[in-house]
Structure formats: structure tokens, C-alpha cells
Amino acid sequence: VILYFVVTALYGAVAMLIWPEEYRERSSLNHSLSFLVTDAANIGLVIYLIWRSAESWSGFGLVPPRWLMDTLLGLAFWGTAWAIHGASWRVVDGLFGPDLFETANHDDAWFVPTPNGIVAVVAFVFSVCVSAFAEELVMRAYLVPRFERLLGSSTRSIFVTAGLFASFHIYQGIDGAVSAFIMGLVYGTMFLWSRRLWPVAVAHSISNLLVFWSSFAERV
């Protein structure tokens, strides 16, 4: 799973930094469909591995969804995550200073085409939600329990998966990777506390949608 998901995602992140023009030239619909195909393959692989493991699905947080409860819990997780994220950044800036992160030029690599038209908007929102679910399925639902068993520690498992999560967000610059590491710690902790994948995926989806739409708004 690490080789298939994390290493390939890390390669994609590095490629975005080296050849940003190739990513800027894609249409929004092309961008969304590309991510949907990739994420569907990732989800399929992990679901297959969980099925073959003959272990309980609930051990991976894949319990029957309770849509109202999971949505409300996801909103609570999102609010808590961003509060912790903001507080953590104040600590990081205090320790290292903001200049370390202001020097990162990653706007070209992080460029996501603005969706225009109802089809492009729907495809974009759907792809963001599927991508967030795929990342949470792999990083939290699958790898956190696996590293718990391998390392004999929930804390170590959270830190290792947060580090892997941050690695393939390097295309967002140093600040983006640090943010991903912080959010990885928070999401991992929330997953271990609830042992439910759905609310963590909801929180991740909300976070990503707000970040992308704020970047679109800045272009207007």
C-alpha cells in the first residue's frame, strides 16, 4: 500500500514541482476525472486487501454509516482540526519565524483549474470528496492500525502516518507539508478516538473544499 499509494503520490507531488506547466494546462474536468480514476483504483486496492485479510471491517473504521451522526461529528472534527491547526501554526511561527515558509514558491505547482459550468463544478466537488475519502481510507483506516501492530504504539503510528501524509503534499511547499503533517496528527488522533472512518473523511472533505474555493475566489 505504501509503495502503490504513498510512493506514487510522492512522485506526483515532485512532478508538479518540476513540471508545473503540464498541470496548469489541464482543464478542470480533466483534472477532476484524472483524480477520480486514480482514487477509485486506490480505494479498490485497499478494500480488496482488507477483505483478503479476513479481519473485522470495524477494526479499520469501516462500520455502517450513520449519516446524521457522522456528518455532525465530521463538522465537529473539522472545526476542532482547524482550531488545532491555527494554534499549531502560531507555535511553529514563534519557533522558526514566518520567513522560513514565505520563501516557498509553490503557486504554479499547486494550481488547480477553476471549474466553470455545472458539470465541472459537480465533478470537482465529487472528486475532492472521493480524494479525501481515499486518503483517509489509506492513511488512517488502513495504515494506522497496521503501524499500531508493527510499532506497538498508537502514538508512533499516528506520527509515522502523518509524516507519510505530509510527504506527498510537498508540492504545496514547506508550509503545505507542515500543514499536512499537523492535520495528519489530528486526523489520526480523531480516527483512533472514534474508530469511524466516515466523520474523519467528512472533516477532510470540508477542509479541502474550503481551501480550494478560497483559492478560486482569490483569482476573481
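**Exercise 1.** Which residues in H1 and H6 meet?

*Solution.* A word on the model: it is predicted, with local features needing pLDDT of at least 70, side-chain atom pairs counting only at pLDDT 80 or more, and totals for chains, interfaces and linings using all residues. Residues are numbered from 1 along each chain as its sequence is written, and side-chain values use heavy atoms, leaving out hydrogens and water.

Start with H1: Ile2, Phe5 and Val6 meet Glu135, Val138, Met139, Leu143 and Phe147 in H6 (contact means heavy atoms within 4.5 Å). By class, these residues are seven nonpolar, no polar and one charged (Ala, Val, Leu, Ile, Met, Phe, Trp, Tyr, Cys and Pro count as nonpolar, Asp, Glu, Lys and Arg as charged, and the others, Gly among them, as polar).

**Exercise 2.** Find where H6 has its kink.

*Solution.* First take the helix itself: H6 covers residues 118-151 (helices are DSSP runs of H or I, at least four residues, numbered from the N terminus). Next, look at Leu143, where a kink of about 45° lies shortly before the proline Pro145 (the angle between axes fitted to the seven residues ending there and the seven starting there). Finally, just after H6, Gly152 has a positive phi of about 70°.

**Exercise 3.** Work out which residues of H6 and H8 make their contact.

*Solution.* From H6 come Glu136, Arg140, Ala141, Val144, Pro145 and Glu148, and from H8 come Gly184, Tyr187, Gly188, Phe191 and Leu192. Sorting them gives six nonpolar, two polar and three charged.

Definitions and conventions:
Helix = DSSP H or I, 4+ residues; strand = E, 2+ residues; numbered from the N terminus. Expected span 1.5 Å × (residues − 1).
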